[in-house]
Amino acid sequence: MKELEFTVKDPVGLHARPAGLLVKEAAKFKSSITVSGNGKSADARKLIQLMGLGIKQGMAISCRMEGEDEEAAYAAMQEFLEGNL
């Protein structure tokens with residue numbers, strides 16, 4: 001299991017566009033990817049769950065990857081979060 005901590009910098013937070021891109025990125029991996037924040041957790045492949053987290057600018061989130069390609073998923077999620085949120 002790999003876990004990544006990240007503070008959201010996007011002024012709008014985790015809104016529809018980056019959430020949709022996150023779902024597409026997570027779908028590339030066999031590992032389960034869970035995003036947690038604001039006291040809730042969501043499967044990174046489920047757009048409605050991600051939107052339901054209510055993540056705003058300045059909030060800390062964690063992204064946990066677990067599975068056979070977790071190393072690659074970790075690197076991709078880190079790059080995605082830094083570039084999009």
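So, E25: in this predicted model it is buried, with a relative accessible area of 16%. By buried I mean under 20% relative accessible area, while exposed is over 50% and partly exposed is in between, using a 1.4 Å probe and protein chains only. Quick housekeeping: the model being predicted, local features need pLDDT of at least 70 and side-chain atom pairs count only at pLDDT 80 or more, though totals for chains, interfaces and linings use all residues. Residues are numbered from 1 along each chain as its sequence is written, and side-chain values use heavy atoms, with hydrogens and water left out.

Back to E25. Which residue does E25 meet in a salt bridge? That's K28, at 3.1 Å, N to O. A salt bridge here is a side-chain nitrogen of Lys or Arg within 4 Å of a carboxyl oxygen of Asp or Glu. K28 counts as exposed, at 58% relative accessibility, whereas E25 is buried.

Now the helix around E25. The buried residues of α1 are P18, A19, L22, V23, E25 and A26. They cover an arc of only 165 degrees around the axis, so they sit on the same side of α1. That arc is taken from the directions from the helix axis to the C-beta atoms. As a reminder, an α-helix has 3.6 residues a turn, so residues three or four places apart point the same way. And what covers that buried set? The cover includes β2, α2 (47-52) and α3. For the labels, helices (H or I, at least four residues) and strands (E, at least two) are DSSP runs, numbered from the N terminus.

On to the sheet. It's an open one, with 4 strands in the order β1-β4-β2-β3 and antiparallel pairing. β1 (2-7) and β3 (40-43) are at the edges with a single partner strand each, so one side of each has no neighbour in the sheet. Neighbouring strands are turned by 20 degrees against each other on average, direction ignored. Pairing, by the way, takes at least two DSSP bridges between two strands. β1 and β4 (residues 60-66) run antiparallel and are joined by 6 bridges. Within that pair, E5 stands opposite S62 in β4.

What packs on this sheet? Helix α3 (residues 70-84) does, touching β1, β2 (32-37) and β4. Contact means heavy atoms within 4.5 Å. The direction of α3 makes about 5 degrees with that of β1. For the angles, axes are lines fitted to C-alpha atoms, for helices over the stretch in contact, and the values run from 0 to 180 degrees between N-to-C directions.

Let me come back to the charges. Side chains of opposite charge can pair when their charged atoms come close. How many salt bridges does the rule give? The count comes to 3. E71 pairs with K2, the closest N and O atoms being 3.9 Å apart. That one links distant parts of the chain, E71 in helix α3 and K2 in strand β1, 69 residues apart. E71 is exposed at 52%, and K2 is partly exposed at 24%.

Then E68 and K30 meet in a salt bridge at 3.8 Å, N to O. E68 lies in the loop between β4 and α3, and K30 in the loop between α1 (16-26) and β2, so this pair ties together parts 38 residues apart in sequence. E68 counts as exposed at 69%, and K30 is exposed at 67%.

Last one, A72, in helix α3. Its relative accessible area is 42%, so A72 is partly exposed.
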